[in-house]
Every structure is written in C-alpha cells, then in structure tokens.
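Trainee: I have a protein model to look at and some questions about it. Can we go through them one at a time?

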Amino acid sequence: MTTKFLDTMPYYPAMLEIIAPGISTTIQDLPGRYKGLGIPRGGSADPLAHKLANFLVGNDPNTETLEMTMTGAKVLFHADTVVAVTGAEVPITVDKKPAEMWKTLCIKAGSVLNIASAVRRLLTVRIWSCTHVSRKKPE
C-alpha cells in the first residue's frame with residue numbers, strides 16, 4: 001500500500017544553488033579551524049568583511065560565509081533570501097540589474113545573483129523573509 005498524501009503538499013526548498021562557483025569559492029567561518037597536525041588554522045581571509053556581512057543579514061558574526069577568490073560566482077536562490085556581499089569592490093547584479101555591495105539585499109525566490117571577478121569577496125546569506133530584516137533574529 002502506498003500513499004499520495006505528500007504529493008498534495010507544495011515543496012519550497014529553502015536553499016541556494018551555485019550555478020557557477022568560480023575558481024575558488026570556499027565556505028569559511030571565524031575563527032577558523034583549530035590548528036595542529038599539519039593543518040593551518042584557516043578561516044576567513046578578511047575577518048572584518050566577514051563580520052560585517054553577517055551583521056548586515058542579522059547572523060552571528062562568526063557564521064559561515066562563501067568566500068570567493070579571483071573569480072566570482074553565480075547563485076540561484078530557491079527561496080526568498082537576505083544576502084550581503086562584502087570584500088573587494090566588484091560589480092554585482094540581481095537578475096541582470098545592478099545591485100550594491102555592503103548593503104542588505106532582499107533576493108526573491110527564482111532570482112540569480114551574479115558576482116564579478118576580483119581578488120576576494122564574501123557572500124553571506126540568511127534564508128528568511130525580507131520583512132524580518134533587522135539586527136536581531138526573527139521570533
């Protein structure tokens with residue numbers, strides 16, 4: 001016996017999809033890994049930009065970010081999302097329309113964020129409605 005009950009429920013993935021990752025896009029946090037056993041400490045190369053990106057979206061300052069080196073990335077959002085892009089100044093677009101760095105950006109589901117090439121920049125995200133953007137977590 002099988003059921004089709006779940007087929008009647010809409011599915012909305014709360015995620016993003018990296019369409020083009022660039023040469024070196026990594027997940028970084030602060031303060032980074034514990035060092036030892038021949039493994040360097042790691043962590044974000046630009047701690048100030050990392051913390052400010054997280055502040056702009058209402059995350060804890062040490063929350064992971066996507067750190068891009070040399071080439072940018074193209075990201076498709078499957079849910080309404082709050083993001084911030086910080087670091088080296090580069091052109092960024094949302095659905096091919098210019099957007100600003102160092103600001104809180106409300107990205108709608110189905111939108112594509114394109115980050116141009118530069119030495120280093122950070123993308124941080126928080127999956128929740130733009131109506132909840134504040135410096136504290138939503139209730």
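Trainee: Which pattern does the protein follow, read along the sequence?
Mentor: This is a predicted model. Its secondary structure comes to 1 helix and 10 strands. Read along the sequence, these elements give the pattern β-β-α-β-β-β-β-β-β-β-β.

Trainee: Which residues of helix H1 are buried?
Mentor: Buried means under 20% relative accessible area. Helix H1 covers residues 47–57, and the ones that are buried are Ala-49, His-50, Ala-53, Asn-54, Leu-56 and Val-57.

Trainee: Why do the buried residues of H1 line one face of the helix?
Mentor: Look down the axis of H1. The buried residues line one face because they fall within an arc of 160 degrees.

Trainee: Which residue follows H1, and is its phi positive or negative?
Mentor: Phi is near 85 degrees at the residue after H1, and that value is positive. The residue is Gly-58.

Trainee: Of the contacts between residues at least 6 apart in sequence, what share joins residues at least 24 apart?
Mentor: A contact here needs heavy atoms within 4.5 Å. Among contacts in the protein between residues at least 6 apart, the share joining residues at least 24 apart is 69%.

Trainee: Which element has the lowest mean pLDDT?
Mentor: The protein averages a pLDDT of 80, and 76% of the residues score at least 70. Among the elements, strand E7 (residues 97–99) has the highest mean, 96. The lowest mean, 67, belongs to residues 118–126, which form strand E10.

Notes. Residues are numbered from 1 along each chain as its sequence is written. This is a predicted model: local features need pLDDT of at least 70, side-chain atom pairs count only at pLDDT 80 or more; totals for chains, interfaces and linings use all residues. Side-chain values use heavy atoms; hydrogens and water are left out. Buried means under 20% relative accessible area, exposed over 50%, partly exposed in between (1.4 Å probe, protein chains only). Helices (H or I, at least four residues) and strands (E, at least two) are DSSP runs, numbered from the N terminus. The arc is that of the directions from the helix axis to the C-beta atoms. pLDDT is the predictor's confidence in each residue, from 0 to 100.
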